[in-house]
Amino acid sequence: MRRHAARAASLLLAGSLVLSGCSLLPGGEKEKPTARPTTTTKSPARTGTSWQAEARDKVRQGGTLRLGATVIPRNFNPQHPDGVSTEAGRILAPTIGGAVRVTADGDWRVDPDYAESVKVTDKDPLTVQVRLNPKAVWQGGTSITAKDMVAYWQAMNGSDDDFEVASSAGFDDITEVRPGKSRFTYSVIFKTRDAEWPLYVYPRLPAKVTSSPKLFNSGFRTRAISSNGPFVVSSIDSTKGMVTQKPNPRWWGERPKLSTITWQAASPDVLVKGYAEGELDAVDLEAGTYAVGKAAKSGAVQRAPGVEWSQVTLNGGRGPLKDVDVRRAVAHALDRSAVGKQSSGPLGAPASPLGSVILVPGQRGYVDSSAAVAYDQQRADKLLTKAGWTKGSDGIRTRKGKRLKLTMPSPAKTPANTARSKLIVSQLRKVGIDVRVRTVPARKFFSRYVIALDFDLVNFVRRGSAFPLGAAEALFYPVDSAQNFTGLGEERIGDGWDVAKGTLNDKLRFKRIAKLDEWLFEDVAVVPLAVTPLVVAVRTGLVNYGAAQFEQPDWTRVGFMTKK
């Protein structure tokens with residue numbers, strides 16, 4: 001078994017890996033609980049949010065907000081595999097909510113519309129008590145109760161194969177959901193500590209749905225899941241690619257300002273053109289799709305720190321990259337600042353090189369831990385020489401008569417990936433590494449090449465998360481994880497994730513995340529390049545909506561300014 005928390009703690013915190021002021025060894029720092037209010041009225045810091053924030057009384061009643069999406073989902077259940085990787089969650093955001101709300105810096109707070117309190121009542125075993133808002137109801141008028149949470153956990157935990165869930169992670173670590181004295185209270189009890197427990201303590205679907213595999217799996221292909229938010233989906237037109245939402249007549253919170261929200265599905269280029277022609281009120285801007293200067297003529301161009309980050313994955317399971325010194329040489333040869341300028345420059349944003357594979361700049365706890373992969377061509381040359389690779393007359397290194405040649409598949413007709421691949425090729429050639437780009441059909445890029453590990457190097461975009469540990473672990477451990485494309489999976493890495501995830505104190509967990517980042521950079525399985533900034537064009541007068549790294553809009557306040 002790999003789950004040895006005591007050994008992992010000593011690995012993370014002892015010897016050459018001691019964290020300053022942070023130790024579980026005798027006399028060291030002990031974990032203390034992080035105090036959190038059960039409710040809050042104070043507005044969180046908004047450093048990662050760029051939309052124009054206005055009070056409710058400044059927003060006029062009525063109006064239609066016209067937004068765009070790239071495709072109408074095949075399944076409007078975000079917990080189903082056909083819905084999780086689509087824009088179902090984004091489209092349904094005005095119609096759904098939960099006990100906790102993510103804030104601008106990636107932290108969370110209790111949302112009083114859905115819960116009166118959410119708190120840890122015991123750490124051994126980890127027990128979270130939830131007291132629901134008794135006014136909260138599903139779209140049909142049925143109260144949201146502990147019964148819904150019990151059924152939701154049983155459907156999501158993987159114990160019943162009839163439920164086709166996108167992921168059972170987190171839910172499979174819950175031993176019991178115990179109803180309280182009233183139907184609006186319950187306790188969620190975990191087998192082990194999990195700092196990301198807020199993801200798993202509120203029912204996203206009513207018991208009627210999570211008690212029926214048929215309804216869960218296929219009941220939402222042409223209709224939306226039951227709303228528990230300020231809006232409901234009133235129509236879905238798959239032919240026209242249009243979703244329409246109206247205010248929820250049973251909503252118990254503050255009255256929404258908007259009278260209608262529409263979502264039009266089209267390609268990114270078409271959506272941006274639609275914004276320019278006055279057919280949409282906001283649109284995401286991407287490099288190469290539309291001139292930022294032209295978008296500004298129709299309103300404001302908002303910029304916020306991004307969550308999507310480019311990276312190079314190195315296949316350490318085959319060829320020259322099995323040698324850690326060669327992997328380290330590749331990392332030192334990559335100029336991440338140049339990659340950042342390439343992706344951010346056309347959007348009018350500063351370059352943002354990334355120094356973590358777990359957190360992103362602007363997120364709580366983020367520190368640059370990437371010294372081990374700093375750009376240093378001389379260091380790259382020395383490492384390759386140490387590994388036995390010598391430069392030939394054409395500048396390419398050889399060993400035992402074989403050239404140092406690496407393959408890198410790249411999806412066809414993807415301008416950003418193509419440009420990034422060309423830059424990587426030129427940078428690695430400077431230290432004598434010959435990278436051959438293989439252009440492949442975009443639809444086969446992941447299934448045929450990335451997942452099959454048919455590459456030496458590969459680059460594509462990953463996405464950060466306000467709850468990053470569970471998502472990021474799968475990129476590195478275990479070696480047979482469905483998302484681990486590195487060909488590597490050291491035991492100490494798996495143990496390190498356990499320790500970090502099991503640390504409930506925020507300050508101590510962030511220190512451990514930084515140390516875990518350092519370990520991952522030593523192995524050089526993934527080299528983060530740069531964060532792509534979030535740039536959104538927003539029509540004049542639209543407020544409380546726009547560019548935000550983590551913060552979720554309050555859909556009761558989204559709307560248009562009152563005319564003076």
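In this predicted model, Phe171 is buried, since its relative accessibility of 5% falls under the 20% cut-off. Tyr200 is likewise assigned to the buried class, at a relative accessible area of 10%. The rings of Phe171 and Tyr200 form an edge-to-face aromatic pair, with 5.1 Å between centres and an angle of 80° between the planes. Phe171 is located in the loop between helix H4 (146–156) and strand S6 (174–179), and Tyr200 in the loop between S7 and H5, so the pair ties together parts that are 29 residues apart in sequence.

In total, the model contains 14 aromatic pairs. Among them is the edge-to-face pair of Tyr114 and Tyr202, for which the centre-to-centre distance is 6.1 Å and the planes are set at 80°. Because Tyr114 belongs to the loop between strand S3 (108–110) and strand S4 (115–123), and Tyr202 to the loop between strand S7 (185–190) and helix H5 (207–210), this pair ties together parts that are 88 residues apart in sequence. Tyr114 is buried, with a relative accessibility of 3%, and Tyr202 is buried with a relative accessible area of 3%.

Arg492 is placed over the face of Trp519, at a distance of 4.5 Å from the ring centre. In a second case, the charged end of Arg539 lies over the ring of Tyr275, 4.6 Å from the centre of that ring.

Notes
Residues are numbered from 1 along each chain as its sequence is written. This is a predicted model: local features need pLDDT of at least 70, side-chain atom pairs count only at pLDDT 80 or more; totals for chains, interfaces and linings use all residues. Side-chain values use heavy atoms; hydrogens and water are left out. Rings of Phe, Tyr and Trp (its six-membered ring) pair if their centres lie within 6.5 Å; planes under 30 degrees apart count as stacked, over 60 as edge-to-face and the rest as tilted. Helices (H or I, at least four residues) and strands (E, at least two) are DSSP runs, numbered from the N terminus. Buried means under 20% relative accessible area, exposed over 50%, partly exposed in between (1.4 Å probe, protein chains only). A charge sits over a ring if NZ of Lys or CZ of Arg is within 6 Å of the ring centre and within 35 degrees of the ring normal.
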